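Dear colleague,

Please find below the structure that I am handing over to you.

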Amino acid sequence: MNEVELLAAPIFELGPVSITGTVLTTWAIMALTWLCAALINRRIQLAPAATPGALQTALEGIITTIENAIANVAPQHTQQLLPFIGTLWIFLVIANLSGLIPGVHSPTRDLSATAALALLVFLSTHWFGIRAQGLKNYLRHYLAPSPILLPFHIISELTRTVALAVRLFGNMMSLEMAALLILIVAGFLAPVPILMLHIIEALVQAYIFGMLALIYVAGGLQSQQLRQQKKQGVSNA
Amino acid sequence: MPDLSSFTLASTVAAVLGISLGVMFPALAMGWAIKSALEALSRQPEAERAITRTLFIGLAMIESLAIYVLVIVLIVLFRNPLLEYLVK
């Protein structure tokens, strides 16, 4: 069971920092994605003369799907949110599915990796909100609709960040551990149904993580819009 | 060590009971959620995208409760923090 531990073991030390398998896999995914992006960038054109090739169509399809999903939740801030949420989605799909490669463990199986991503989402909510509305307005939305709800607002923000991290970690780790246990108990080809479940769960959990991150950030961005609309409605009426 | 064997027995029984109860209630909740989503869909088929999206998000939230139970049970079974106090 020492390969599927709940805590990752460090592989080597780089000064005061210990590099675990999770970090190495994340670096490999980053290098792979960067390489693909750099290679694809040479081959696609902004305004193709003839009909676009299959690669460009596929890429545009992916980006358009992500953009439509973001526009469904936050139609006025789509271009602002597209880099962050799109990167989150693409990275999570690749990272979750990388657990299927024999010998590779998905980095999201480690609680530190998912906690880092959840912390990113938590801080992004504040960043986007403060950048869109200013510090005072953004902090004031914690006191709306009533200052009594302030502790509940704070508790709910902290809890949903923790829940985001534990949901992704629990799903990925339990799928890998279940596959390992079935392999130990039942023999060679028995984990194949669990691996099919792993594929589905990896995609669903990546979608859910990105969608929840989108909803939280859009909630931070739009926190003042309802009050402004009400004010405009009152002054117009 | 009789202390260790009774501790192992108790933790195994607790783990099995915990996982079975901890999965039943989210399963019931998911059934209700899917039932309401299907009723809403049958009443208004043109809202399919919104209903499907909300359904999946709700199902993932409910499923994460079952995942919390699974994580605790796996910790109790495989990496029990109290074991090192008894083995000492």
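How many salt bridges does the rule find across the interface of chain A and chain B? The rule finds zero salt bridges there. Please bear in mind that this is a predicted model.

The interface

The side of chain A that touches chain B draws two or more residues from each of two elements, α6 (150-186) and α7 (192-221) of chain A. Of these, α6(A) provides the largest share, with ten residues. Sorted by class, this side of chain A comprises 14 nonpolar, four polar and two charged residues. In the contact between the chains, 20 residues of chain A meet 16 residues of chain B. Together the two chains bury about 1600 Å², and 75% of that area is on carbon and sulfur atoms. As for polar contacts across the interface, one residue pair is found, with both residues at pLDDT 80 or more.

The cavities

Two cavities of 30 Å³ or more are counted by the rule applied. The second largest cavity holds about 30 Å³ of space. Its lining consists of A:Phe122, A:Thr125, A:Glu157, A:Arg160, A:Thr161, A:Leu164 and A:Tyr216. Two elements of chain A, α4 (111-133) and α6, each give two or more residues to this lining. The most comes from α6(A), which gives four residues. By class, the lining has three nonpolar, two polar and two charged residues.

With kind regards

Definitions and conventions:
Residues numbered from 1 in each chain as written. Chains lettered and ligands numbered in written order. Predicted model: local features only at pLDDT ≥ 70, side-chain atom pairs only at ≥ 80, totals over all residues. Heavy atoms only, no water. Contact = heavy atoms within 4.5 Å. Buried area = accessible area lost by both parts, 1.4 Å probe. Salt bridge = Lys/Arg side-chain N within 4 Å of Asp/Glu carboxyl O. Polar contact = N/O pair within 3.5 Å; in protein donor to acceptor, adjacent residues only side chain to side chain. Nonpolar A, V, L, I, M, F, W, Y, C, P; charged D, E, K, R; others polar. 1 Å grid on protein atoms, 1.4 Å probe; cavity = no way out; pocket = protein on both sides within 12 Å on 5 of 7 lines; lining within 4 Å. Points joined across faces, edges and corners; volume = space filled by probe spheres on them.
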